[in-house]
Amino acid sequence: MTASVILGAQWGDEGKGKITDRLSRTADMVVRYQGGNNAGHTVVVDGERFALSLIPSGVLYPNVTPVIGNGCVVDPAVLIEEMAALRARGVDPSRLRLSANAHLIMPYHRKLDMVMERFLGKQQIGTTKRGIGPAYMDKFSRFGIRVQDLFDPKIFRQKLEVAVKDKNKQLMKVYNQLPLDVDEIADEYLGYADLLFEHVTDTSLLVWEAIRDGRNVLFEGAQGTLLDIDHGTYPFVTSSSPTAGGACTGAGIGPTAIDRVIGVAKAYISRVGTGPFPTELHDEVGEKMVQIGGEYGVVTGRRRRCGWLDAVALRYAVRVNGLTELALTKIDVLSHFPTLKIATAYDSLGERYTEFPRQQRVLYNCHPVYEELEGWTVDISEVRRYADLPAAARRYIERVEELAGIPVTIVGVGADREATLERSPGE
Ligand code: IMP
């Protein structure tokens, strides 16, 4: 039995939900360790689409205890709605466990996310406007309100009064907005307490017990490596740590507990929101990737920017996460292109870079150096064994392995749950 981290190796939307879903078949626990309802996982079961944003994908399996860890930020209304939607479709969410230490997304966080983005104008990040950044700001400035506070109305009220006083000043004086009402927020949020009570626990202890007892635990990262607050393309990032270290702090476990770190990478690459993107395509090839790959956000419906696979960024993800293996998803989308490209280096400001540049100025001026590979142009979505893939598809995958320096153990060939090949060593 193992503890594995599954995380995005790019800018999010790599198809992590599907890989987590696949590995959940044999898992006992699936733990979200950061982010909130800015994430979106789509899982297709028997042709039926399940879009989850906060609850770990493993909830669809009766063998799995889904856990929302302390590193997450939780919008309680969204969580309650998501549980109701699952119930309506015959999925029982009662096993869900929620960390008492997770921070709450409050109405002023959503409002601030909206007005702060507007204020930034051309410099805006393109956030999901779910209040994620402002909620983490409050956590780190020690103004935050946690899930456990919902169960102590007096303390909740005290913290809320301080916070609302401060936020209203900001909203009115800086952003010219109407103030928020403490009573209204208190009534709304304290009303959630009963609905959440049975789910709230010390999830760090729960996860530790599972690991101690030799259970199979998956840690599910949201967003991706290049959106990490420390290691991503700052400031065009999210406000948490999707990288592997985040699994430790966001779930309350030590690094020695982790056996495998699986990076999920799409066979091409996409990004939503603004910020540098060296291999972005502004031509009909990029447009074809958007259309064939269905590259529209699960949460916001925004069109994703698309481009060729970037091996420089991928090697960076291998390094900062200590990835032990890769899951390469949506390779079927590449079936529509006769010639494929992979960026192996960047040229920027008169220099060649084979490592991901640390300076934003360099990154903004990058021109990718491409290697071309032959495509396969046949439908591979029904293939279920690695050996049955066309030779050109296997060459592409094996080239990705060489460039990344780690094995590709899982290959996604289509949207359905079954359209995933697990590759045995030596195959
Ligand atoms: P925030 O997380 O809403 O603050 O948004 C910050 C940046 O992260 C923006 O560029 C978003 O588009 C991006 N982002 C947040 N969540 C996701 C996700 O699940 N997939 C891809 N991009 C995301």
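A nonpolar core is a set of buried Ala, Val, Leu, Ile, Met, Phe, Trp, Tyr and Cys residues joined through side-chain atoms within 4.5 Å. I start my notebook with that, and with a reminder to myself that this model is predicted.

**Entry 1: the cores**

I looked up the largest nonpolar core and found that it has 61 residues. Which residues have the most contacts inside it? They are F219, I331 and Y396.

I picked Y396 and listed its partners, leaving aside neighbours within four places in sequence. Y396 is in contact with A267, L309, L328, I331, L334, L340, I342, L373 and W376.

**Entry 2: α11 against α13**

Next I stayed with α13 and looked at a helix that packs on it. Two packed helices are described by the angle between their axes and the distance between the axes. For α11 (residues 311-321) and α13 (residues 391-404), I noted an angle of about 55 degrees and axes 9 Å apart. The two helices are therefore oblique to each other. The crossing of α11 past α13 is right-handed.

Which residues meet here? From α11 I have A311, L314, R315 and V318, and from α13 I have V400, L403 and A404. By class, the residues of this contact divide into 6 nonpolar, no polar and 1 charged.

**Entry 3: α5 against α6**

I turned to a second pair, helix α5 (residues 153-174) and helix α6 (residues 182-190). Their axes come within 10 Å and cross at roughly 140 degrees. I first wondered about antiparallel, but that label needs an angle over 145. So α5 is oblique to α6. Here too I wrote down a right-handed crossing.

On the α5 side the contact holds P153, F156, R157, L160, E161 and V164, and on the α6 side V182, D183, I185, A186, Y189 and L190. I sorted these into 9 nonpolar, no polar and 3 charged residues.

While in α5 I also checked I155, which is found in this helix. Is I155 buried or partly exposed? Its relative accessibility is 32%, so I155 counts as partly exposed. From I155 to I145 I count 10 residues in sequence, and the C-alpha atoms lie 9.6 Å apart in space.

Most residues other than glycine have a negative phi, and most peptide bonds are trans.

- The peptide bond from Y234 to P235 is cis, with omega near 5 degrees. I found P235 in the loop between β10 (217-220) and α9 (244-251).
- Q223 is not a glycine, yet its phi is positive, at about 55 degrees. Q223 also belongs to the loop between β10 and α9. With 10% relative accessibility, Q223 counts as buried.
- K330 has a positive phi as well, near 55 degrees. This residue lies in the loop between β15 (325-329) and β16 (339-348). K330 is partly exposed, because its relative accessible area is 23% and buried means under 20%.

Methods. Residues numbered from 1 in each chain as written. Predicted model: local features only at pLDDT ≥ 70, side-chain atom pairs only at ≥ 80, totals over all residues. Heavy atoms only, no water. Axes fitted to C-alpha atoms, helices over the stretch in contact; angles between N-to-C directions. Helix = DSSP H or I, 4+ residues; strand = E, 2+ residues; numbered from the N terminus. Parallel < 35°, antiparallel > 145°, perpendicular 65-115°, else oblique. Left-handed = near helix turned anticlockwise from the far one by under 90°. Contact = heavy atoms within 4.5 Å. Nonpolar A, V, L, I, M, F, W, Y, C, P; charged D, E, K, R; others polar. Buried < 20%, exposed > 50% of the residue type's maximum accessible area, 1.4 Å probe, protein only.
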